[in-house]
Amino acid sequence: MRLVIESPKMYSVWGRLCSYSTRARSPRSTSYSLIFCEDLAPEEVLERLGAQRESVFPLTRIEAQEIEVRNASDDLYDLDHLDDLNVEAAEELGFLRRETDAVVRAGSVEGWAFAIQASTSYISARNYAPTLSRGTRLIAVSRDVNAMQRVEYAVDGRVLSSFDPGIPGSDDGAEPSALAWPSDGEGMSSEQVLEHLESQFGLWVGKDSEERRLPAAALSTTDQ
């Protein structure tokens, strides 16, 4: 397994998720969603997740996570401490609704779009894979608030591999071997899962994605 060496231009995927989640002020801070879609624009990924194009709004990592934490708190508070955030625009676009329990940001890297979210796991609550992978390839990793993990690999609407990395021998996909998972049958930690996907597909999340404003969508696991 290839070890990823951090450089000024990139972080390992696991390091990026840890950077998001360990700074959260929420009991859900160990959950996350990470999606990669080949040859799609970031905005199209957000639309396939359920966002309206006109409601997509650029946010930094800190802003997105602070909105999630604020919406989940017992007492809603203002966001005036986020000096560069246009709070009025965010509110008009639905980001500050109580029902908005997921703020997903999207970007791109070497022919793949990525969508990333911390503090909650939106994609674990939806059957998203067929829609997201239509006409392309999808790789997704999630961990929900109950520490349940899931890895999915889908191609053109067909889920080829879908399993809990703790028990990789139990795969619900149509072609479990498609992901080229290690054959020893041993469970893998979240870090090992993401390192394996980096090794197989060369996927990573750019270091500058944290401070850069990326297209973001306000989503809800309760909306129908």
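In what follows, a residue is called buried when its relative accessible area is under 20%, exposed when that area is over 50%, and partly exposed in between, using a 1.4 Å probe and protein chains only. The accessible areas themselves come from the Shrake-Rupley method with a 1.4 Å probe, and for residues only the protein chains shown count as cover.

Now the ground rules for this model. This is a predicted model, in which local features need pLDDT of at least 70 and side-chain atom pairs count only at pLDDT 80 or more, while totals for chains, interfaces and linings use all residues. Residues are numbered from 1 along each chain as its sequence is written, and side-chain values use heavy atoms, with hydrogens and water left out.

First, the overall picture. The chain has six helices and ten strands; these are DSSP runs numbered from the N terminus, with helices (H or I) of at least four residues and strands (E) of at least two. Of the 224 residues in the chain, 53% are buried. The chain exposes about 10500 Å², and carbon and sulfur atoms supply 46% of that. Take the contacts (heavy atoms within 4.5 Å) between residues at least 6 apart in sequence: 64% of them join residues at least 24 apart.

Next, the charged pairs. Side chains of opposite charge can pair when their charged atoms come close. A salt bridge here is a side-chain nitrogen of Lys or Arg within 4 Å of a carboxyl oxygen of Asp or Glu. How many salt bridges does a search of the whole structure find? The search finds seven, and I will go through some of them.

One is between Arg-137 and Glu-38, at 2.7 Å from N to O. Arg-137 lies in strand E6 (residues 137-143) and Glu-38 in strand E2 (residues 32-38), so this pair ties together parts that are 99 residues apart in sequence. Arg-137 is partly exposed, at 24% relative accessibility.

Another joins Arg-48 and Glu-44, at 3.0 Å from N to O. Both sit in helix H2 (residues 42-48), and because they are four residues apart, about one helical turn separates them. Arg-48 is buried at 16%, whereas Glu-44 is partly exposed at 28%.

Arg-213 also forms a salt bridge, with Glu-63, and the closest N and O atoms are 2.7 Å apart. Arg-213 is in the loop between strand E9 (205-206) and strand E10 (214-219), Glu-63 is in helix H3 (residues 61-72), and the two are 150 residues apart. Is Glu-63 buried or exposed? Glu-63 is buried, with a relative accessible area of 4%, while Arg-213 is partly exposed at 35%.
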